[in-house]
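Here are some friendly notes to read beside the model. Please keep the 3D view open and look up each residue as you meet it.

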Amino acid sequence: MELGIALVGFGNVAQGLARILIRKRDLLTTRYGIIPVVKAVVTGSKGTLWDPSGLDLEAVLDSMADLENLSGVSALPATIDEILKGDEISVVVDTTPTDLVTGEPGLSIIKRAIESGKHVVSSSKGPVSVALPELTDLATRHGVAYRFEGALLSGTPSINLAMEAMAGCDVVKVQGIVNGTTNYILTRMEEGMGYEDALAEAQDRGYAETDPSGDVDGWDAAVKAQIIASVIMGEPISLDQVERRGISEISRSDVLAALDRGNRIKLIAQVERRGRDVVASVSPMELPLDHPLAGVMGATNAITYETDNLKDVTIVGPGAGREETGQALLADLLAIFRERGGLVVRRSA
Ligand SMILES: NC(=O)c1ccc[n+]([C@@H]2O[C@H](COP(=O)([O-])OP(=O)(O)OC[C@H]3O[C@@H](n4cnc5c(N)ncnc54)[C@H](OP(=O)(O)O)[C@@H]3O)[C@@H](O)[C@H]2O)c1
């Protein structure tokens, strides 16, 4: 079955997905029975490519600086609305930048895609944070899927693990190291660095932005706690309802004093059911060294789900990266077609 795809946003994550689609082209067909065909690539400033018979992804990846001059690309109308109008596209993959205040530009793009009857997979936290109930309701009314596994722990399966693999379990409490930058800084502080030097190193390595407040002040972790509460605990809350404290006031001596007590300081996103309420917070916590999250070091992420049927389930893995997040988009694409009976899993003999 051919799967027509529009990539809206073609930065790190979409290029990661493109590379996976190229590498796994044969396997996707033989194992799952789908032929993914990327027909549109839409960027913010580098132009739009649209070829209903399918773009040459290798050529697109090679020509990122000058998409408009790419040879062999049709000059058909290429606004998003033109691309969404026909039935060439089945799925819109949104990887536009995240704006936690407005949810844009992803929010408007996702709404237009759903209203045009297209499935949406997205790695952007903004639209989930700002408009999850509206988007899920819209998707239900239009009979399409809206999935966003990559918004929580990139490709480490966290939403789909809780919602699908652990279906039937009640999740009563979640604790997570959901921001790799802050975990990296705390790790380096334990290894001997001061806060400022560890932050500078995280910036040099590309983990932290030039303005690192989204990470160190806990905003990124807070929106992930909001996603956990809204999606996994089924209690839609606003970002304001997440109590938030970052790591900027943690010193190296705090880190070492905690170690002397047999504990490790971690920035923990915690979401807990208390009676009829769900309470969400982000704060530095001292965890005993035998806690499942205490040994998670560097830029790695992890989540522990406390459940009724399984007790504690912990998943550890990357929380960022091009192909890592591309993997989340691929898993969502495959899930959409599995749910709709369009996906055939063929095991090799
Ligand atoms: N990178 C990660 O490891 C990671 C992990 C998890 C989640 N995420 C989330 O995934 C999303 C993508 O991340 P990224 O690292 O790939 O970002 P990125 O490299 O900055 O790419 C963003 C892409 O979106 C395009 N874009 C901007 N405004 C647009 C618009 N109005 N219409 C269409 N395209 C537009 C940009 O085009 P121009 O460059 O031409 O403006 C660019 O191609 C973000 O929401 C991010 O928070 C990223």
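1. The model is predicted, so local features need pLDDT of at least 70 and side-chain atom pairs count only at pLDDT 80 or more, while totals for chains, interfaces and linings use all residues. Residues are numbered from 1 along each chain as its sequence is written, and side-chain values use heavy atoms, with hydrogens and water left out.

2. Let's start at the ligand. One of its oxygen atoms is 2.8 Å from a polar backbone atom of Val13. A backbone N or O atom of Thr96 lies 2.7 Å from a ligand oxygen, and Ser123 brings a polar side-chain atom to 2.7 Å from an oxygen of the ligand. On its own the ligand has 900 Å² of accessible area (Shrake-Rupley method, 1.4 Å probe), and the protein covers 74% of that.

3. Which residues come nearest to the ligand? They are Ser45, Thr96, Thr98, Ser123 and Gly321, out of 24 residues around the ligand; a residue counts as near if one of its heavy atoms lies within 4 Å. The shell has eight nonpolar, 14 polar and two charged residues. In this sorting Ala, Val, Leu, Ile, Met, Phe, Trp, Tyr, Cys and Pro are nonpolar, Asp, Glu, Lys and Arg are charged, and the others, Gly among them, are polar.

4. Now find Ser122, in strand S5 (residues 119-122). Helices (H or I, at least four residues) and strands (E, at least two) are DSSP runs, numbered from the N terminus. Is Ser122 buried or exposed? Buried means under 20% relative accessible area, exposed over 50%, and partly exposed in between (1.4 Å probe, protein chains only); Ser122 has 0%, so Ser122 is buried. The side chain of Ser122 makes a polar contact of 2.7 Å with that of Asp94, and a polar atom of the Ser122 side chain lies 3.1 Å from the backbone nitrogen of Ser124.

5. Helix H9 (180-190) is mostly covered, with 10 of its 11 residues buried. Its cover includes strand S7 (171-177), helix H13 (252-260) and strand S9 (263-274); here contact means heavy atoms within 4.5 Å. At the start of H9, a side-chain oxygen of Asn179 comes within 3.3 Å of the backbone nitrogen of Thr181. After H9 comes Gly192, with a positive phi near 130°.

6. In helix H10 (residues 195-204), the buried residues are Tyr195, Ala198, Leu199, Glu201 and Ala202. Seen down the axis of H10, these buried residues fall within an arc of 160°, so they line one face of the helix; the arc is that of the directions from the helix axis to the C-beta atoms. The face turned away carries the exposed residues Glu196, Asp197 and Asp204. Among the elements covering the buried residues of H10 are H9 and helix H11 (213-216).

7. Last, where does Glu324 sit? Glu324 belongs to helix H14 (residues 322-339) and is partly exposed, at 34% relative accessible area. The C-alpha atoms of Glu324 and Thr156 are 7.6 Å apart, although 168 residues separate the two along the chain.

Definitions and conventions: Polar contact = N/O pair within 3.5 Å; in protein donor to acceptor, adjacent residues only side chain to side chain.
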